[in-house]
Amino acid sequence: MSVLNRRQTLAVLASTAGAGLLPETATAAVAKKPAFIPCLNMSTIRGQKLGFVKELETASKAGFRSVEIWMDTLQNFIKEGNTPAQARKIAGDLGITIENAIGFAPWIVDDEAARAKGLAQLKTEMELLAEVGCMRVATPSVGAQTPQSSKIDLQKAAERYRAILEISDQTKVIPHLELWGFSKNLNKLSEVMYVATESGHPSARLLLDVYHLYKGGSSLDTLKLVGKPGVEIFHINDYPASLPRETIVDADRIYPGDGVAPIAQILKTIKNPERPIVLSLEVFNKTYYAQDALVVAKTGLDKINKVIAGI
């Protein structure tokens, strides 16, 4: 046996012996690293108007360990006399990670005064989120989404996105460029990809959505062009066969697996072998709002787990 082969053999034996000393649960955890992390966007139980604490408690009781919060709900919690430290502790005590926040600061608009106000708003919100322990914030095309909105030059949009990414250099809360399929601006995968790429900032990230990709008419054949680091969190939902994309609206979204969306194809495309992707259930279904929030949350988690089981 050569010296090299001896060394190789000894290395293999050493690594095997080391693995044998590890607890069975530890080796299983290494072997079964999840590709996706189920998450509850509070939009799904927003209609029940539970408030910040009860929303977190509901998510935890349902079995979620990750959530997306809404800025206004958190801000109302603070206005009631509570502190960011309390919000962070409540989430921690419940075993909940706050993965992202849904905000609506008008950072992209053409009007300079309105945009400056939007940037100041976003900076304040990002500072609050950092204190709470939430290190992402959704940044869609707020203020430029209506049919009456002017079409914003994509290069200018990229410059404006870089401006809010530079705020994140200070706050460490990363703005994720969100695609809205119904919006006048940034309604296609090609547009958000252009803006993120042209921003020239290393923290640029995309926030995509099963429904919005359909609504905006983006081709799933080009979804594979999004670099794996570009997607950390993804909104999962479904839509019925009876509604064409021209007429479907936010409230028509349903649980994943209950409709005709090619969810398996999407998840296989975005799957990242290097890190799990947060799959956040985002629906605005009035039928669900009429139900008990815990039942909705439990049902949502079960639906997500069934979808990802075979991916």
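Visitor: Let's start with strand β2, residues 66-70: how many of its five residues are buried?

Guide: Five of the five, so to speak a mostly covered strand, because buried here means under 20% relative accessible area. Keep in mind that this is a predicted model.

Visitor: Which residues of β2 point one way, and which the other?

Guide: Take S66, E68 and W70 on one side, with V67 and I69 facing the other way. Both sets are buried.

Visitor: Now the neighbours. In what sense do β1 and β2 pair?

Guide: To read a pairing, look for the bridges and the strand directions. Here β1 (residues 36-41) and β2 are parallel, with two bridges between them. Find N41 and you'll see E68 of β2 standing opposite.

Visitor: And how many bridges join β2 to β3?

Guide: Five, and these strands also run parallel, with β3 covering residues 97-102.

Visitor: What do β1, helix α3 and β2 make together?

Guide: For a crossover, trace the path from strand to helix to strand. β1, then α3 (residues 52-62), then β2 form a β-α-β unit of the right-handed kind.

Visitor: At what angle do α3 and α12 pack?

Guide: About 45°, and the axes of α3 and α12 (residues 293-308) lie 9 Å apart. That angle is why α3 counts as oblique to α12. The crossing of the two helices is right-handed.

Visitor: Which residues meet there?

Guide: From α3, pick out T58, K61 and A62. Across from them in α12 are A293, L294, A297, K298 and L301.

Definitions and conventions
Residues are numbered from 1 along each chain as its sequence is written. This is a predicted model: local features need pLDDT of at least 70, side-chain atom pairs count only at pLDDT 80 or more; totals for chains, interfaces and linings use all residues. Side-chain values use heavy atoms; hydrogens and water are left out. Buried means under 20% relative accessible area, exposed over 50%, partly exposed in between (1.4 Å probe, protein chains only). Helices (H or I, at least four residues) and strands (E, at least two) are DSSP runs, numbered from the N terminus. Two strands pair if DSSP finds at least two bridges between them. A crossover is right-handed if, with the strands pointing away from the viewer, the path from the first strand over the helix to the second runs clockwise. Axes are lines fitted to C-alpha atoms, for helices over the stretch in contact, and angles run from 0 to 180 degrees between N-to-C directions. Angles under 35 degrees count as roughly parallel, over 145 as roughly antiparallel, 65 to 115 as roughly perpendicular and the rest as oblique. A crossing is left-handed if the near helix is turned anticlockwise from the far one by less than a right angle, and right-handed if clockwise. Contact means heavy atoms within 4.5 Å.
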